[in-house]
Amino acid sequence: MRQPWIHKAKTDFFFIIGPSFFVLAIIFLFQDFLPGIEDKYSFFTWLFLIVFIDVAHVYATLFKTYFVKKEFEKRKRLLTILPLLCFSIGFILFAFGSLVFWSFLAYIAVYHFIRQQYGFMRLYSRQEEKTTFSVCLDNLAIYSSTGYPMIYWFLSSPRKFNWFVENEFFHFNDKRILIVAFWIYISIFLVYVVYTIWKSIKNKFFNIPKNAIILGTALSWYFGIVYFDNDLIFTLLNVISHGIPYMSLVYFKEIEGKTNSELGFLRYFKKYNGIFIYASILFFIAFAEEFLWEIFVWNENITVINFSGWEFFAVPLLSVPQFTHYILDGFIWKSGK
């Protein structure tokens, strides 16, 4: 049996599986320098991590939906109604207060991040012979990789980082539940390791990418949330491990992996340096969005016109791409295409 790479072994390793391991290695090698980087170069870390990866990856969805005529026609109703629905929900939530709005979005974001890892795990197990037990164990492994760190976040003392804003998650201390959750977490992985070794010996095949994505997820979420209590480390592991694999998946599957007739106007990406055009478009849109956030909401560095008092409209509206991405992503990858 061949390894079930999504694209190729090298590109999968560097752009989908590898980011979690690369970032974690950098953190351990240079953790003494990170506080200085966070203090002196906060603007550049924000620009690179938040704008050019986190925000940019949201717009990668365009290349599987709105920019693809066939896909848009197939899901025209969904792609038309969903942004309007997201704005309406956001507008109502923001009317109850900004914390209500950001808390709701944070929970949706967590669910989206968890489901992405599940999706990658499923893609890499698509060629395996499946039983009810093996599927359940795979699911438990990937969900515990992400679920236990979040339970730790909810039930431990406040962390020095947030998903969006302070006090966004319901939180209380309970060490007893944490102890039980920890041993369940360890037990699941022990069973998974033993079963994987047994199955690999039996079938004379070890699924490298599937097991690597589970291990990378477990390490990045555990060290990013539980082990370290640092905003920059959390952002590095959270954003890079999520954003770069997603942007890479879209490019490999929706641009490089399709014929010119399927691509439509996107066929020009293949004719020229497609990856650079693709990245440039994402960076430009992401920067434009953040520029609008700065003008209409934050007003930290730029004040062209005083728009204070318009947050009730601007925040839900500017959040539509992000909110839509979280929900839409649950539909567009279900076919596995």
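This briefing describes confidence, charged pairs, the nonpolar core and a surface patch in one protein model.

The model is predicted, so that local features need pLDDT of at least 70 and side-chain atom pairs count only at pLDDT 80 or more, while totals for chains, interfaces and linings use all residues. Residues are numbered from 1 along each chain as its sequence is written, and side-chain values use heavy atoms, with hydrogens and water left out.

**Confidence**

- The average pLDDT, which is the predictor's confidence in each residue on a scale from 0 to 100, is 91 for the protein, and 93% of the residues score at least 70.
- Confidence is highest in helix 9, at 98, and lowest in helix 12 (residues 268–271), at a mean of 67; helices here are DSSP runs (H or I, at least four residues), numbered from the N terminus.
- Where pLDDT is low, the predicted coordinates should not be read in detail.

**Salt bridges**

- Side chains of opposite charge can pair when their charged atoms come close.
- Eight salt bridges are counted, each being a side-chain nitrogen of Lys or Arg within 4 Å of a carboxyl oxygen of Asp or Glu.
- E128 pairs with K199, with the closest N and O atoms 3.6 Å apart; because E128 lies in the loop between helix 6 (98–124) and helix 7 (132–155) and K199 in helix 8 (residues 175–203), the pair ties together parts that are 71 residues apart in sequence.
- K210 forms a salt bridge with D138, and their closest N and O atoms are 3.1 Å apart; since K210 belongs to helix 9 and D138 to helix 7, this pair ties together parts that are 72 residues apart in sequence.
- D229 forms a salt bridge with R159, at 3.9 Å between the closest N and O atoms; D229 lies in the loop between helix 9 and helix 10 (231–256) and R159 in the loop between helix 7 and helix 8, so the pair ties together parts that are 70 residues apart in sequence.
- In that pair, D229 is partly exposed, with a relative accessible area of 27%, whereas R159 counts as buried at 13% relative accessibility.

**Surroundings of K210**

- K210 is placed in helix 9 (residues 208–227), and it counts as buried because its relative accessibility is 2%.
- Not counting residues up to four places away in sequence, K210 touches M121, Y124, S125, E128, D138, Y192 and K199, where contact means heavy atoms within 4.5 Å.

**Nonpolar core**

- The largest nonpolar core has 90 residues, and those with the most contacts inside it are F63, W163 and Y278; such a core is a set of buried Ala, Val, Leu, Ile, Met, Phe, Trp, Tyr and Cys residues joined through side-chain atoms within 4.5 Å.
- Apart from neighbours within four places in sequence, Y278 is in contact with A60, F63, M247, V250, Y251, I255 and F269.

**Nonpolar surface patch**

- I26, L29, F30, F33, I37, Y41, F43, F44 and W46 make a nonpolar surface patch of about 950 Å², the area coming from the Shrake-Rupley method with a 1.4 Å probe.
- Patch residues have over 30% relative accessible area and no salt bridge, with nonpolar side chains (Val, Leu, Ile, Met, Phe, Trp, Tyr) joined within 5 Å and like charges within 9 Å.
- Helix 1 (9–30) and helix 3 (42–59) each supply at least two residues of this patch.
- W46, in helix 3, is partly exposed, with a relative accessible area of 32%.

Note on methods
Buried < 20%, exposed > 50% of the residue type's maximum accessible area, 1.4 Å probe, protein only.
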